[in-house]
Amino acid sequence: MLTVHKMHFSIFLLLWGWVLSTECRAHRQGKEIHEVYKKGSRPQRQRREAHGEGHKQGSPILKRSPDITKSPLTKSEQLLRIDDHDFSMRPGFGGPAIPVGVDVQVESLDSISEVDMDFTMTLYLRHYWKDERLSFPSTNNQSMTFDGRLVKKIWVPDMFFVHSKRSFIHDTTTDNVMLRVQPDGKVLYSLRVTVTAMCNMDFSRFPLDTQTCSLEIESYAYTEDDLMLYWKNGNDSLKTDERISLSQFLIQEFHTTTKLAFYSSTGWYNRLYINFTLRRHIFFFLLQTYFPATLMVMLSWVSFWIDRRAVPARVPLGITTVLTMSTIITGVNASMPRVSYIKAVDIYLWVSFVFVFLSVLEYAAVNYLTTVQERKERKLRDKLPCACSLPQPRPMMMDGSYNDGDVNELGHYMSENGDKQDRMMVQLALGSERGSGRRKNQRYVSMRIDTHAIDKYSRIIFPGAYILFNLIYWSIFS
């Protein structure tokens, strides 16, 4: 039994020694391989390092400082110590008013609405102030830039647009908000806004008018004792894009002003104004309003050259011009606000309408006087002792085929040069023994009605009066 135990112990010792020898041999081989690899790779590594150093010296891009956002000890909130301060209060609360500078870059004027009396503008609004609570240590004096997520955790000025109807901050692809903090606590807060604001327009000279609109910026909660709002660089704080243009207006001027606004319940507030002047383009209204109205007035004058007996020609012409002028007036007023005063275009259109209407009344007067003339001629024939030699007047033809002055038997019913004169001159030499009877007969001799002269005078008076009106109108409003 003892012999068996000794045999087992001997076998165990042999196995243990074999394992130890195998591990030592493998360790020596691995060390030799590592030394060989190290000797062979040292020149390549040296060449790579030399090449990398040369590349770094030639490219300044690779000299940037390490990314501090990967360090768990340099989070922005910890670096700015946001949790150590109460940012619901303004900087320097209890002390003097904090200065907040503002500058604006106008990106576009989107629309001007006369009906709603407002305008729409897209702009970059930038605020500048200093908050020592946001100061942070920095070795290279570089600022830190953040997006809109940090804005909700710190104090920012509570600006709003006075008299605005609609406004929003652009959010494509993210909120268009930028916050930049300097190591000494100076802050730049920028955002891209589109605002629709009211503009009090005066249309008394429309469409030859010039409008001045203002976009007003003010703090909502902080009075001038807490927040001093000012333009950062004076009038140079307002920048505009040179490509800004409007279809109906010419942008003449942009400028800035600063005023104080008083509210009876809260106090005085600093208010910044962005003022711009717009001059309306007149060419569109010349084509759409003034030229058509002028042509309608000139068309109404054509009736003065049409025979007075051509009723189917003159009456529809007058009615057509009157209705056309009414349509033009209605179309212009449909695109305008319902103001309680007279506009410049109203003066022109209504005077033109009066000229057209007077041309219709002129034909009504001519037609009436012609009827009176024929009635008197008929009465004259009835009172004459002998009417057999008098020409029988033709009745007025509705188709306009009447021929003036077919006969020239009594007096000068038709002139020798062929010019038609619608008059009736009767000069009769009636024998009478008594002078009173001779004077009685001469009452019927000196009758003269010239209705055709009304059209002749109208051909001169109407155009002359309308030209005089245009000269006065354009000299006043242009």
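Which residues is tryptophan 301 in contact with, leaving aside its neighbours within four places in sequence?

Good morning, colleagues. What we have here is a predicted model, in which local features need pLDDT of at least 70 and side-chain atom pairs count only at pLDDT 80 or more, while totals for chains, interfaces and linings use all residues. Residues are numbered from 1 along each chain as its sequence is written, and side-chain values use heavy atoms, with hydrogens and water left out.

To return to the opening question, tryptophan 301 is in contact with Phe462, Pro463 and Tyr466, its neighbours within four places in sequence being left aside; contact means heavy atoms within 4.5 Å. Tryptophan 301 lies in the loop between helix 4 and helix 5 (311–334). Helices (H or I, at least four residues) and strands (E, at least two) are DSSP runs, numbered from the N terminus. Tryptophan 301 counts as buried, at 10% relative accessibility. For that term, buried means under 20% relative accessible area, exposed means over 50%, and partly exposed is in between, with a 1.4 Å probe and protein chains only.

Arginine 309 counts as buried, with 3% relative accessibility. From C-alpha to C-alpha, arginine 309 and threonine 370 are 9.0 Å apart in space, although 61 residues apart in sequence.

I turn now to the helices. How do helix 4 and helix 6 run, roughly parallel or roughly antiparallel? The axes of helix 4 (residues 283–300) and helix 6 (residues 344–383) come within 9 Å and cross at roughly 15°. Helix 4 and helix 6 are therefore roughly parallel to each other. Axes are lines fitted to C-alpha atoms, for helices over the stretch in contact, and angles run from 0 to 180 degrees between N-to-C directions. Angles under 35 degrees count as roughly parallel, over 145 as roughly antiparallel, 65 to 115 as roughly perpendicular and the rest as oblique.

On the helix 4 side, the residues making this contact include Thr289, Tyr290 and Ala293, and on the helix 6 side they include Val345, Tyr348 and Leu349. By class, the residues of the contact of helix 4 with helix 6 are nine nonpolar, five polar and no charged. Here Ala, Val, Leu, Ile, Met, Phe, Trp, Tyr, Cys and Pro count as nonpolar, Asp, Glu, Lys and Arg as charged, and the others, Gly among them, as polar.

Threonine 289 deserves a brief mention. This residue of helix 4 is buried, with a relative accessible area of 5%. Not counting residues up to four places away in sequence, threonine 289 touches Ile328, Val332, Val345 and Leu349.

Helix 6 has a further partner in helix 8 (residues 452–477): their axes come within 12 Å and cross at roughly 170°. That makes helix 6 roughly antiparallel to helix 8. Among the residues that meet are Val345, Tyr348 and Phe355 in helix 6, and Phe462, Tyr466 and Phe469 in helix 8. The contact of helix 6 with helix 8 divides into 17 nonpolar, four polar and two charged residues.

An open sheet of four strands has the order 4-8-12-11, with antiparallel pairing; two strands pair if DSSP finds at least two bridges between them. Strand 4 (159–162) and strand 11 (249–263) are the edge strands, each pairing on one side only. From one strand to the next, the twist averages 25°.

Strand 8 (residues 210–219) pairs with strand 12 (residues 267–280) in the antiparallel sense over nine bridges. In strand 12, isoleucine 274 stands opposite leucine 215, and phenylalanine 276 is the bridge partner of cysteine 213. Strand 4 and strand 8 pair over four bridges, also in the antiparallel sense. Seven of the ten residues of strand 8 are buried, so strand 8 is largely enclosed by the rest of the structure.

Finally, some backbone details. Most residues other than glycine have a negative phi, and most peptide bonds are trans. A cis peptide bond, however, joins threonine 172 and threonine 173, with omega about 0°. The bond from phenylalanine 206 to proline 207 is cis, with omega near 5°. Histidine 163, although not a glycine, has a positive phi of about 60°; histidine 163 lies in the loop between strand 4 and strand 5.

Thank you for your attention.
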